[in-house]
Amino acid sequence: VVLSGVVANPGTSVRVTASGAADTDGTVAGGQFFLDDGDGTFDASVDTLLGTDSVSSNGFTFAVNTSSMSPGIKRVFARTVDSDGDFSVPVTNTFRVNAAPTLAGFAASASPISRTATFTLTATDPADSDGTISRIEFYRDRGVLGLFEPATDALLGNATLVGGVWRLSLNGSVFSAAGTYTLFARAVDNNGAFSEVRSMVVQVA
């Protein structure tokens, strides 16, 4: 069994391919893919049937969606069935569902923030249970509803880890005028998974 990746971020898919199928006295009709129930042993009556494929193009394949899976190691089994309804010996492989990082929040060093002075944004308790924090991203909202939209919101920068604390120092001129602004922060782990987005409202003078 060949996997498209050994680590999958939550909500992404892992493509599983069963290759090298053959039948000496007939034809291979299809492939079946199962998720192990946790005991490491294949049992078609207990393990979860993820899906099937009847078109062999460089092997039988199935995209395993990880949306409903908890973080951790997952074992998949694959077997083929021939034109007589007989099954091959199952083969197996594993992948890991990555745990998303967490971020408790963040804080600004000044309130209100002066447009003519430097201020610092500090992340609160970023953590990753199965890896490391790669970066903390800070954004300024460009909309009017206070909703995080990474494609359009202004990336203020990425925090630097100094003395065990993730901080980003900025000049108040990143704000175009005095007023009320919404800022966002999110943590990114070493596998590219994002934490839940945290937000805060700041006053700029």
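The following legends describe an overall view and two close-up views of a predicted model. Residues are numbered from 1 along each chain as its sequence is written, and side-chain values use heavy atoms, with hydrogens and water left out. Local features need pLDDT of at least 70 and side-chain atom pairs count only at pLDDT 80 or more, whereas totals for chains, interfaces and linings use all residues.

**View 1. Overall chain, with zero helices and 16 strands.** Helices (H or I, at least four residues) and strands (E, at least two) are DSSP runs, numbered from the N terminus. The C-alpha trace of the protein chain spans about 80 × 30 × 25 Å along its principal axes.

**View 2. The salt bridge between Asp130 and Arg96.** The closest N and O atoms of this pair are 2.7 Å apart, a salt bridge being a side-chain nitrogen of Lys or Arg within 4 Å of a carboxyl oxygen of Asp or Glu. The pair links distant parts of the chain, with Asp130 in the loop between strand E10 (118-124) and strand E11 (133-140) and Arg96 in strand E8 (residues 91-97), 34 residues apart.

**View 3. Glu137 with Arg135 and Arg186, joined by salt bridges that share partners into one network.** Glu137 pairs with Arg186, the closest N and O atoms being 2.7 Å apart; Glu137 lies in strand E11 and Arg186 in strand E15 (residues 179-189), 49 residues apart. Arg135 also forms a salt bridge with Glu137, at 2.8 Å between the closest N and O atoms. Both Glu137 and Arg186 are buried, whereas Arg135, at 29% relative accessibility, is partly exposed (buried means under 20% relative accessible area, exposed over 50%, partly exposed in between, with a 1.4 Å probe and protein chains only).
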